[in-house]
Structures are given as C-alpha cells and as structure tokens.
Amino acid sequence: MNKEGSLSINSENIFPIIKKWLYSDHDIFFRELVSNGCDAITKLKKLDIMGEVNLPADEKFKIEVIADNKNNTLTFIDNGIGMTADEVDEYINQIAFSGAAAFMEEYKDKTSNDQIIGHFGLGFYSAFMVADHVTIETLSYKDGASAVKWDCADGMEFTMSECDKDTRGTKITLYINDDSVEFTNYYRALEVLNKYCSFMPVEIFLTDPNKEEKIESTADESDESDKTDSTEENNKPTAINDVNPLWNKHPNECSDEEYKAFYQKVFMDYKEPLFWIHLNMDYPFNLKGILYFPKINMEYESAEGVIKLYNNQVFIADNIKEVIPEFLMLLKGVIDCPDLPLNVSRSALQNDGFVKKISDYITKKVADKLSGMCKTKREDYEKYWDDISPFIKYGCLKDEKFCEKMSDYVLFKNIDDKFLTFKDCLENNKDENENTIFYTDNPLLQSQYINMFKEQNIDVIVLNDRIDTPFIQQLEMKNEGVKFKRVDGDLGDTFSEKLSEDDEKKYKDALTEAFKKALGRDEINIEVKKMKDSSIPCIITVNEDDRRMNDMMKMYGLSDMGSMNNSILTLNSDNTLVQYLIDKPDGKYNDIICKHLYDLAVISNTPLNAESMTAFINRNNEILKLLIDQA
C-alpha cells in the first residue's frame, strides 16, 4: 500500500496561507485536533447505536494529549472510528474535504442526538501552523482494515504506508518548529486545553512523558518501591474537561450551589452572582446557555463582562457581537449553539439572518426573566435593582425591542428609598408639577435643595449613575412633554411667593451691585425671590439643558461653558442676611457677607475649586475672630 504524491489542493500557496491567515490565534490548533478526535469517537458511538458495529459495554472513550518538551513533539491520540487508506487519501490528501460532512450525509436518516463537531476539512491542517513535520497513524474500526501511516515533512509532499498500529483510532504527532516550542510545555499545553476544550464531550487527558525521568533523577536514595509508587502517581493522566457542562442540564435539575460553583470555576470570580438566566431552546434552533448578572462595584470596576460562545461544547470565542447583543456583554455567561453558521476557522460568523434571530431570542429571554421577576418577586427585584440598573438602562439605550419590553419595569429609587416606576413618578407629581420628575445625582451635596422639596412634599428620585443622563434624555424623547429636572435647576414659583415688580427691581439692583463689587465679577446673574423658607439666604440654580450640555462637553474633553458662568444666584429677600445687604448698601461687612453667601450657595451645588476653598476657610476664620471681638 505504499504511496507517494502531492496534496490535492487548488493552490500551491495554501500552506503559507494556513500558517499565517487561516486562524487568528496560533494556539487554536489544539482545539481543532482535539475536536477532530471527539468527532471520530462520536461517529463510532453513532455506528454502535445503529448496530453497524458492536462495542464492548465497558468501552471507555478518551482523547490523550502528550506534551513532550524534551523531543519538541505534541501527540493527539483518540480511540474513535479511525481511517482506512482510502479515507486518509480522501479526507487528508484532499484539503478541505470534510469527513464529518460526508458522514452526516451518509447517515442523515439514522443518526442520534449526539452532535458531530466538525464542519470543515481544514481543521487538521492547523497543525502546520506550529509544525513543519506531521505524522498520522490510524487504524479503522472496519474488519480486516490495515493500519496506515501518513507522513508529511514539508507541508506539501507526503508518503503513505502500512504501519504496525494495532489499536483502533488515530494518533497524530506534531514535530513542533522552533518558533512554537512553548506549546510542548505541559503547563502551557494545559492552559490552552483549558481555554478551548474545558467542556468537550469526550474525556481529555494531558500527560508529560518526562515526568518519570524528572522524578527518578531527584530520588537519589529512595526505596525502589517508593520511587515506583511516586512515579505512577505523578505520571497519572489528568482529566482536564467536564463532559457534561451545567448548561446541558435542564434548569429543574440544577441547584443554586451548582450555578454558583460553575460561575466561580469558569469566570474565576470570588463574588457570587446576583442571579442567572438558564437558556434552553430546541426550536426553531438549538441553543443552551447560562447568563449571570454579576455584582459590580461601579465605582472601582469596569462594567465589562464575558460571554463565552461554544459550538457543541467547543469554545469559539468571547463576546462575539453578532450573536450577543451589545448591552448583554456587560453580563457573564456561556452560550452553546450547534446551529451557528461558522466560517472556516470557527472564529467568526458568516453574515446570516439566522444569527440575528439568535440575538433576538437571547434579548427576549433576558427581558422575560427580568420583567417576570419584577411582577412575581418584586422584593428580590428591588433588592437587586442598584446592581442591575446599569445593565437594564444600557439595554434600553442600545436595543429598541428590549426597551419596549422593559419600559414598565425600570425602577427609580426616591430619597426615602422607595422604588417607583416611571408612571409612578409622573402620577406623584401630576397635581403641582405635571409631566415633571425631579431628581438628585448627589443627595449629600444637594441636601439643602432636597430639604426644600421635602417641605413641599414633592418627590425626588436619585439618579447617580453615569448612564442616567443619556437614559433620561431617551425617556424625554419617547414621552413628549415629560421633563426631568435636577433639584438645583430652575425652581419656578414652587418655593417662593410673588414680589411686586417695584420691589423685585429695587432689590435686584441693590444686590447685583453689592455682589459684583464683592466678587469682582460683572457677569454674575442674580434673581431675587421671596422664598417660603426664610432660613435659606440664597441658592445656585442652573438651567437643566445648559447643565447637560456643559456635562457633555466635559465628558468629551471639550472646553465647557463654565458651570458658574451660566448659573443664577437666587437671593431670598425674606432672609435676614439678604435684607441687611438691601437695607445697608454701605455696610461695614457687606463684602465678607456677599463672598460668604456666594460660596455657601456654590458648596450646596458643586465642590469649590482649590483656590476658592482656601479663601473660604480663611474667611471662616476671619468671621470667627469677628465674633470673638464682638463678644
């Protein structure tokens, strides 16, 4: 059966292309060769089920990977279906002819539910990304078959001959080139296998043939039997994968402890997830998975998740945006979809409307889970709200369908820690402030304003996430006439009584002159009102639209308009200090009173800059000295 020849391909330049461009990551050859071994075993199990072959009841299927860093080789061994000489000629010598496709076509009416991983004939040739010399030794399950050895040493020319392999299956040996010897290190190989093969459906074992030699060299005076026991223990193959991942089970079969353990194992996250969604769908496409809502400290951590995509338990990639809706990439989870239309390297997706259906399904399931929780487990939903609100708001901004489904289940927490829906907020304010929702983004800093609202029994919600500004702008666009106003915005007549036009003009002229002189600023904007709370001397207000524009410009690193330049200093004509400034325009302490009132108003709105804070502290000391002198 000796045979020599050149590989049947369409271009003699195929191998340089394979080495450089076929796969985005060079370590991916592990995935391709191990998944080919899984296919070989799955094919044999199918044939056994169909009665075309009789296997022992205790047959143990496995794939063994041998990392030999002494000889710079990697070996992949399976005890699957094996190949005859004709099959090697058909599937190996003709690049891109898929043996998996041929098998599925032949047995399409008889196959069981087990899935064939392989889609393409190029997987085997990923070996030449890291090896210049590759051999295959294989023995078919078929009666009377002869073992075959395939040897290709330069990437183009091959030889085929009979060999002495006497066990069913295939052994592939890669003689690793100098640029890729790192992969022959046991721990590097283990790292890559864990990355791609942690959940493949056949047990995978990784061994290091040099471990025994290392142990013997350090056991100088050990008892021979002890040395043997130690060698056997340390050379025992290590199973690296879970053949029955949690996502393949029915949700009713999984405990909370299993979900949490799986999360910690896969994502190495010591914090428990808030809750999870188990996806399990058979029609119109096959999709399983688990999505976790992680607990994130938004102040110190980036809101970036990881969703691992699998195809028949074979890892494809993280966060493939064609499948995973963008806003769900804040979550952590796994999704396994055997029906994905992958390209030749399994590393990206073909442009297919089917993929959009998968994405829409995932979005729907997440929305169903969240809305269902809000309706039936409102207490839990509220308990999680602070953690999940950024996910939901981001989803509403990015996905119109998700926004429609979640519109009634977005919550707002008021200053009394009570949760309200959007409709609740509008209903609470409809009598005095129709279509207006007041909010604070810093309850501590804006406490003076909040107290004013409390005294008037006006509800105030808390919006202190970065995503809140674009989110409320979206709500305003979708709900004509509705306006969100921060508590330090234009207060209208809610907190004040009308002054006569003459008094208002007289007071404004006097106070404007006093504050311009004291602050040395001609551009200051002043209003005078008779506030219902006489204890408040003055407040700073900023037009909502101007402030949002200012914040947006700062966000993009542009020169802002100056938060104080477009603000208004509203003075309370009913306050004792303000009345003193009106009645005594030449008062001895007018300058210090004006400066101090202005800084107090600013502090209730935004932190002082360093220079202003220093002046404020010095002025406090000066005022205290004046009090002592007056005592």
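This is a short tour of the chain, stop by stop, for you to follow in your viewer.

Keep in mind that you are looking at a predicted model, where local features need pLDDT of at least 70, side-chain atom pairs count only at pLDDT 80 or more, and totals for chains, interfaces and linings use all residues. Residues are numbered from 1 along each chain as its sequence is written, and side-chain values use heavy atoms, with hydrogens and water left out.

**Stop 1: the whole chain**

Show everything as a cartoon. You'll find 19 helices and 23 strands; these are DSSP runs numbered from the N terminus, with at least four residues (H or I) for a helix and at least two (E) for a strand. Of the 631 residues, 48% are buried, meaning under 20% relative accessible area with a 1.4 Å probe, counting protein chains only; over 50% is exposed, and in between is partly exposed. Now think about contacts, which are heavy atoms within 4.5 Å. Taking those between residues at least 6 apart in sequence, 72% join residues at least 24 apart.

**Stop 2**

Strands pair here if DSSP finds at least two bridges between them. Click Ser496, and then its bridge partner in S21, Met531.

Which way does S23 run relative to S21, parallel or antiparallel? The two are parallel, with four bridges between them. To see a facing pair, pick Glu527 and look opposite to Thr570 in S23.

**Stop 3: two helices**

Move on to helix H18 (590–603) and helix H19 (610–630), which pack at about 130 degrees with axes 11 Å apart. The axes are lines fitted to C-alpha atoms over the stretch in contact, and angles run from 0 to 180 degrees between N-to-C directions. That angle makes H18 oblique to H19, because under 35 degrees is roughly parallel, over 145 roughly antiparallel, 65 to 115 roughly perpendicular, and the rest oblique. Show side chains where they meet: on H18, residues including Ile592, Leu600 and Ile603; on H19, residues including Phe616, Ile623 and Leu626.

**Stop 4: Asp242**

Finally, find Asp242 in the loop between strand S9 (238–239) and helix H8 (256–267). Asp242 is partly exposed, because its relative accessibility is 25%. Which residues does Asp242 touch, leaving out those up to four places away in sequence? Select Ser198, Phe199, Met200 and Lys265 to see them.
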